[in-house]
Amino acid sequence: MAPSDATYRIRIASYVLAGIALLGFLELHLVSALLAGLLVYEVVEGLIPLIRRLVPGERARVIAVAIVAVVVVGAIVLLVVATMDFYRRDIGDPRQLWDVKLVPLIEKAHEQLPAWITSSLPDSLTDLRTQGMDLAHKHAGDLQLVGTHAARMLAHILIGLVLGAIVAISHGSGGRPARPLAFELTTRAGRLADAFHNIIFAQVKISAINTTLAALFLLVALPLFGVHVPLAKTLVIVTFIVGLLPVAGNLISNTLITIAGLSVSLWVGVAALGFLVVVHKLEYFLNARIVGGQIRARTWELLVAMLVFEAAFGIAGLVAGPIYYAYLKSELEAEGLV
């Protein structure tokens, strides 16, 4: 067999293995681990040139991984502390949460909404507690399943962070030359990492736009009408941070802002929900236009990719769709096919 034929077969084998691996991440619900690992790897690779100005050699890579580890652990600790502090200051006594916030919310709902809607709402705190307990008993299995999925996803993310750090350290360790298949697989992984980098770079722009719109709504528009949502500035910061997650981050920030609006009044919550639905729909086109410009793809290409991946794999597919499409585009460009 000619060497060119052997190289071609090895490359095809690497494409097949890469495709199986990418499909496996979706089918096995490991997208969170993949994204966490790629994030750590890209952050480390971005820090290395800066650290090498002060520390030459491969020690810079170890220092970069250590910095990322400290930042990640610090962020987790701060998140836990901030959550406990929020519960202590803003929620306080759970009985006050029922009496001060939920009861007035029920009363306002009965005053402001049509009877055909309020007929299905509880009439009193006792009814609310009874309905809540009934729902909890009825959906106990579903609630337990949600908790299990959340714990599993957290474990996947932590494992992905560790694996990303390990790969980042070993990437520049040298050693004997890679065998042909290993070399081709490394090329595939490198292009996937580049695709992830391009998507994240574009996602920062999208998050900045979403954060600006949220800030205008929470800090400008609502105060003009005399409405002040609690923790408005914190919600703006959270919107930017979680907005770095494609699509899913916007859903998280939307939920938090809507809940904060409901704590003021029912109509503020409805207005917040309506505003955020519009922003959420806008993000689909922002994703397609900004991300498309970053990876040289037309708007309709990314919209189709996001639609197909969401239909096939749900939210995980919607999040992974732009990254997978960017990777596919880079492979096709490298082969001179597009």
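## Fold

Read along the sequence, the protein chain runs α-α-α-α-α-α-α-α-α-α-α-α-α. That is 13 helices and zero strands. The model is predicted. The chain has 338 residues, and buried residues make up 32% of them.

Take the contacts between residues at least 6 apart in sequence: 68% of them join residues at least 24 apart.

## Nonpolar cores

In soluble globular proteins, nonpolar side chains tend to be buried together. Here the largest nonpolar core holds 38 residues. Val 44, Leu 192, Ile 295 and Tyr 324 touch the most other members. Two or more residues of this core come from each of helix 1 (3-27), helix 2 (31-51), helix 3 (59-91), helix 7 (140-171), helix 8, helix 12 (299-313) and helix 13 (315-334). Helix 2 gives the largest share, ten residues.

Which residues does Tyr 324 touch, not counting those up to four places away in sequence? They are Leu 22, Phe 25, Leu 26, Leu 34 and Phe 309. Another core lies apart from the largest one. It has 15 residues, including Ala 214, Phe 217, Ala 260 and Val 268.

## The second largest pocket

The second largest pocket has about 730 Å³ of space. Its lining counts 27 residues. Closest to the pocket centre are Leu 34, Leu 38, Val 167, Ala 189 and Leu 192. Of these, Leu 192 is also one of the residues that touch the most other members of the largest nonpolar core, and Leu 34 is one of the contacts of Tyr 324.

Helix 1, helix 2, helix 7 and helix 8 each supply at least two residues of this lining. The largest share, eight residues, comes from helix 8. By class, the lining divides into 17 nonpolar, seven polar and three charged residues.

## The cavity

How many cavities of 30 Å³ or more does the structure hold? It holds one. About 40 Å³ of space lies in the largest cavity. The lining consists of Asn 210, Ala 214, Thr 239, Asn 250, Ser 253, Asn 254, Ile 257, Phe 275, Leu 276 and Val 279. Helix 8 (180-224), helix 10 (248-264) and helix 11 (266-294) each give two or more of these residues.

Helix 10 supplies the largest share, four residues. The lining splits into five nonpolar and five polar residues, with no charged ones.

## Helix 9

Helix 9 spans residues 232-242, and its buried residues are Ala 232, Leu 235, Val 236, Thr 239 and Val 242. They cover an arc of only 145 degrees around the axis, so they sit on the same side of helix 9. On the other side, Lys 233, Ile 237 and Ile 241 are exposed.

## Single residues

Is Glu 42 buried or exposed? Glu 42 is buried, because its relative accessible area of 16% is under the 20% cut-off. Glu 42 belongs to helix 2. Leaving aside neighbours within four places in sequence, Glu 42 is in contact with Ala 193, Asp 194, Phe 196 and His 197.

His 29 is found in the loop between helix 1 and helix 2. Phi of His 29 is near 60 degrees, a positive value in a residue other than glycine. At 60% relative accessibility, which is over the 50% limit, His 29 counts as exposed.

Leu 282 has its place in helix 11. Leu 282 is partly exposed, because its relative accessible area of 36% falls between the 20% and 50% limits. Leu 282 and Asn 210 lie 72 residues apart in sequence, yet their C-alpha atoms are 9.2 Å apart in space.

Note on methods. Residues numbered from 1 in each chain as written. Predicted model: local features only at pLDDT ≥ 70, side-chain atom pairs only at ≥ 80, totals over all residues. Heavy atoms only, no water. Buried < 20%, exposed > 50% of the residue type's maximum accessible area, 1.4 Å probe, protein only. Arc of directions from axis to C-beta. 1 Å grid on protein atoms, 1.4 Å probe; cavity = no way out; pocket = protein on both sides within 12 Å on 5 of 7 lines; lining within 4 Å. Points joined across faces, edges and corners; volume = space filled by probe spheres on them. Nonpolar A, V, L, I, M, F, W, Y, C, P; charged D, E, K, R; others polar. Core = buried A, V, L, I, M, F, W, Y, C linked by side-chain atoms within 4.5 Å. Contact = heavy atoms within 4.5 Å.
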